[in-house]
Amino acid sequence: MNKDIGSLFKGKIAIAIFSFLFVVMFQVIASHGVHAQEADEMVQYRNFFGIDARLVVWIVSELHLMFAAFVLGVPMFAVTVEIIGAKSGDIRFDNLAREFTKLLSAAFATTAAMGGLLAFCLYGLYPGFMRYMTDVFHPIMFVYALLFFAEAFCLYGYYYSWDILKEKGKWFHIFLGIMLNVFGTTLMFLANSWATFMMSPSGIDLETGALTSLHAAFENFLWMPVNIHRLIANVAFGGFVVGAYAAVKFMGAKSDEDKAHYDWMGYIGNFIGLAALIPLPFAGYYLGREIYSASPVMGNIMMGGAFSWTFIIQAILIGMLFIGGNYYLWNGMDRIEGAERYRKFIIFINVIIFFCFAVWLTPHNLPLSGEERALIGEQYHPFSKFFGVMAAKNAVVNLLILSTFFSFLIYRRANKGEILPFSKHGNSARIALIITAGLTILYLVWYALGLSHLELEADVKQYVSPLIKCLIIQITAIVITILLTFSNRGKFAQVFLLIVTSLIAVVYLAYYGFVVMEKANMVLRFLSVTQVSVVISCLIVTAVLDVFIFKNAKEVGQIRWGKIPLRSQYALLLLCVAIVTLMGLMGFIRSGLRMNWHIYGYMQDTSDGAFTPSIAYMGWTTTLIVVLFLALVSFVFWLAGLGEKKKEKTA
Amino acid sequence: MAKKKDSYSMIWAILSIIVVFVIIKFVSPYVFKILLKKDHAMPTPSTLMLWYMILGVLGALVYVSTSDLKWASFLSFMLPTEDDKTKKLLQKMIVIAFPLLLGWFVYSGTVPGTASPVELRIQHPTLLQKYEKMENPYSHVSEDLKLKYIEEGKILYQHNCRPCHGSKADGNGPFANAFRLRPINFTDPGTIGTVVESFAFWRIMEGGPGLPDGSTPWDSAMPAWEGTLTDEQVWKIIMGEYATAGVVPRQREEME
């Protein structure tokens with residue numbers, strides 16, 4: 001154990017020294033540039049040894065954000081897995097949580113070093129802009145630094161006290177893990193406010209820049225949408241990166257025991273990644289809508305203007321994530337005895353997923369040659385006219401989510417046989433189900449009431465009432481589902497709810513989306529939220545139902561952990577590359593939407609690098625960032641594993 | 001039977017891909033012709049053709065590799081066989097067709113041709129900052145006055161915009177066929193319905209010459225109306241244009 005810790009420290013010391021040298025070198029080079037400039041004038045911009053300052057900050061900030069996403073996402077599920085282990089008494093969960101934390105601990109030092117490097121880059125290369133940001137946010141910057149200490153203490157306390165608190169202080173240990181999450185998340189929220197302030201500034205005078213309210217500057221308009229989006233995305237990111245780590249370890253494992261362990265770890269990683277990926281499009285939609293509210297210019301640039309083609313790339317990456325996640329589950333069924341009963345569904349899910357991908361991918365404005373345009377005879381081909389708009393895209397993304405959820409359901413029940421009647425699960429199951437359904441219904445009622453009280457013109461408002469009816473039908477369907485479950489028809493109830501949800505959210509609302517697009521496009525924003533609410537309510541109720549229905553069900557076969565086809569492990573690697581690329585791309589879009597503004601509407605970026613990059617330039621830079629991150633993270637994980645190798649050799 | 005079906009999974013996969021190709025290439029143009037009541041077929045653009053076919057091939061490959069058994073039976077189709085004559089014939093067809101198909105791809109991609117280049121258009125060019133906060137001065141007037149301005153706007157629209165955008169705002173004006181890039185069909189809810197009024201104001205005022213570089217300005221024949229029409233006239237035209245097309249402008253969302 002001591003040797004293990006020793007090696008870990010050596011690894012971190014190596015990273016710290018490396019980072020320190022890099023920072024010193026950077027400072028020397030950057031300061032060299034200062035002498036070259038006029039001494040009297042306040043320097044606004046510098047470059048990094050001839051390299052564009054924007055490019056340097058772009059790369060460093062993305063790398064910092066990617067490591068930070070990992071460091072913030074992993075503790076959430078590490079603690080959850082530990083709690084499951086503590087409640088169930090299954091040591092495997094505890095070991096898994098520990099392995100997650102080992103990776104976390106290794107990545108933490110790099111995140112901090114990257115953060116330091118980013119701060120130096122910003123202060124060194126954009127002194128004028130950072131002077132202003134410091135003037136506005138310096139009180140929060142101190143809090144940020146203090147919280148960083150708290151996070152570091154919690155993390156090291158959490159990792160190194162694992163053995164000491166294993167027997168008697170398990171719940172205190174879990175408490176440490178929860179505090180690690182609290183401090184980490186707060187830290188991210190603080191830093192988010194700086195980034196979103198640059199997009200939607202408030203609390204300042206937009207003419208003079210004078211600070212009028214620090215609170216308003218901190219809690220600016222886009223702050224919460226970005227917080228929510230990043231929080232969920234971090235979990236997905238952490239899950240898929242952990243999945244890839246497990247895949248690499250699985251492929252290199254020699255013993256059956258190791259293969260079984262890493263197979264299971266990969267499954268958990270993929271499960272976490274997919275579970276977080278499901279609500280992510282909704283959070284993304286919310287963020288996009290709020291960006292449009294903050295500024296129609298940014299909204300237009302994003303979805304219809306200079307950045308619209310990056311969203312096609314985003315669609316490809318999201319499609320890859322859903323396909324990869326499903327592919328992994330389907331291959332995983334190979335190692336489950338009894339799964340053959342459900343294999344017949346795969347072909348249908350596969351067709352649906354690829355169809356959804358095709359629609360999701362189709363742009364509204366297609367690249368057409370002059371001859372093609374002449375043959376079509378109008379600006380839009382019907383495929384792009386009908387598939388390229390939000391009404392269709394919302395419908396297919398919901399169908400994609402429902403299909404992936406269905407894949408997961410059949411995976412879960414693959415080795416399950418006869419189930420117990422629901423009444424046998426006792427009152428606790430009934431109460432849990434009633435609470436779940438009750439809360440879900442409460443939310444749907446709240447949203448329906450909100451819709452009915454909207455202050456809209458009469459000719460627009462008439463288009464809102466079908467949405468309210470959809471919500472009422474869904475509430476009724478949930479009640480019927482619960483009643484069917486109580487009368488021991490749980491499996492049928494699940495199918496019933498899935499069908500009703502698909503009919504409302506996919507079939508009817510897709511059609512109705514086109515109607516409101518034509519008649520009252522303002523209603524489209526409420527339609528999208530209705531669609532999301534209906535689907536999410538179905539997912540929550542069906543998932544909780546599934547847990548109870550298959551509780552203590554007879555097993556028709558074993559799960560042969562470690563006997564999964566190698567192809568599935570490549571799928572895990574693909575998922576990791578896709579999510580890292582996606583984060584790099586979306587980070588660029590979020591930041592790039594400001595175009596030539598440091599602080600949108602107040603401080604313009606007058607540096608040489610203020611241009612909006614072409615898609616090719618963005619592609620090359622994002623690829624470089626992805627390669628750098630994957631190389632760095634592999635190096636850090638390799639360092640974290642050195643202790644283990646030594647231990648194995650000694651043994 | 002099931003075993004036979006499994007051992008022919010490569011053929012099933014190829015057939016599925018062919019079916020997808022036939023639907024997209026040959027069936028859909030006529031389906032759209034009938035459904036949309038057009039007088040000509042609507043051929044699928046080459047970009048979409050390529051994307052959908054890539055997805056089709058990928059979908060087939062994903063399905064045949066969802067288990068070790070499926071993957072093995074997919075690949076084993078190409079193993080030598082003694083007694084199955086159909087299989088032998090199909091194997092030969094694949095061995096001949098695959099390189100031919102690949103060769104055709106290479107040839108068609110590299111042979112010099114006279115086709116005009118495919119253009120990557122931007123749907124909504126970036127609205128200039130000065131127009132962002134601009135609001136229609138007539139949006140808060142009384143209903144009666146609003147109706148009056150809409151009527152005035154409709155007349156102004158017919159005088160100035162009809163030749164290209166058509167009397168019904170459907171992009172079918174008398175001059176429409178003369179342009180390489182047809183005038184926008186405003187009745188399509190994916191056009192002016194998706195932008196705020198100030199966006200329409202900018203496009204009318206600055207027209208094609210005012211488009212940013214990324215929006216291929218040489219394509220649009222839209223004239224700049226600034227200096228010809230007054231601001232008030234343009235706002236009225238916008239009101240009349242939306243009313244004629246039967247769509248409503250995008251509403252700004254309230255910042256809570």
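The following is a short exchange about a predicted model.

Biologist: What kind of model is this, and how are residues and chains labelled?

Modeller: It is a predicted model, in which local features need pLDDT of at least 70, side-chain atom pairs count only at pLDDT 80 or more, and totals for chains, interfaces and linings use all residues. Residues are numbered from 1 along each chain as its sequence is written, while chains are lettered from A and ligands numbered from 1 in the order in which they are written.

Biologist: How many helices and strands does chain A have?

Modeller: Chain A has 22 helices and 2 strands, which are DSSP runs (H or I, at least four residues, for helices; E, at least two, for strands) numbered from the N terminus.

Biologist: What share of chain A is buried?

Modeller: Of its 651 residues, 47% are buried, meaning that 20 or more other C-beta atoms, placed from the backbone, lie within 10 Å of the residue's own.

Biologist: How do H16(A) and H20(A) cross?

Modeller: The axes of H16 (residues 426–452) and H20 (residues 524–549) of chain A come within 10 Å and cross at roughly 175°; axes are lines fitted to C-alpha atoms over the stretch in contact, with angles from 0 to 180 degrees between N-to-C directions. The two helices are therefore roughly antiparallel, a label for angles over 145 degrees.

Biologist: Switching to chain B, where are its domains?

Modeller: Domain 1 of chain B covers 2–110 and domain 2 covers 129–245, with bounds from an automatic or database domain assignment. Their C-alpha centres lie 47 Å apart.

Terms used
A residue is buried if 20 or more other C-beta atoms lie within 10 Å of its own, exposed if 12 or fewer, and partly exposed in between; C-beta atoms are placed from the backbone. Angles under 35 degrees count as roughly parallel, over 145 as roughly antiparallel, 65 to 115 as roughly perpendicular and the rest as oblique.
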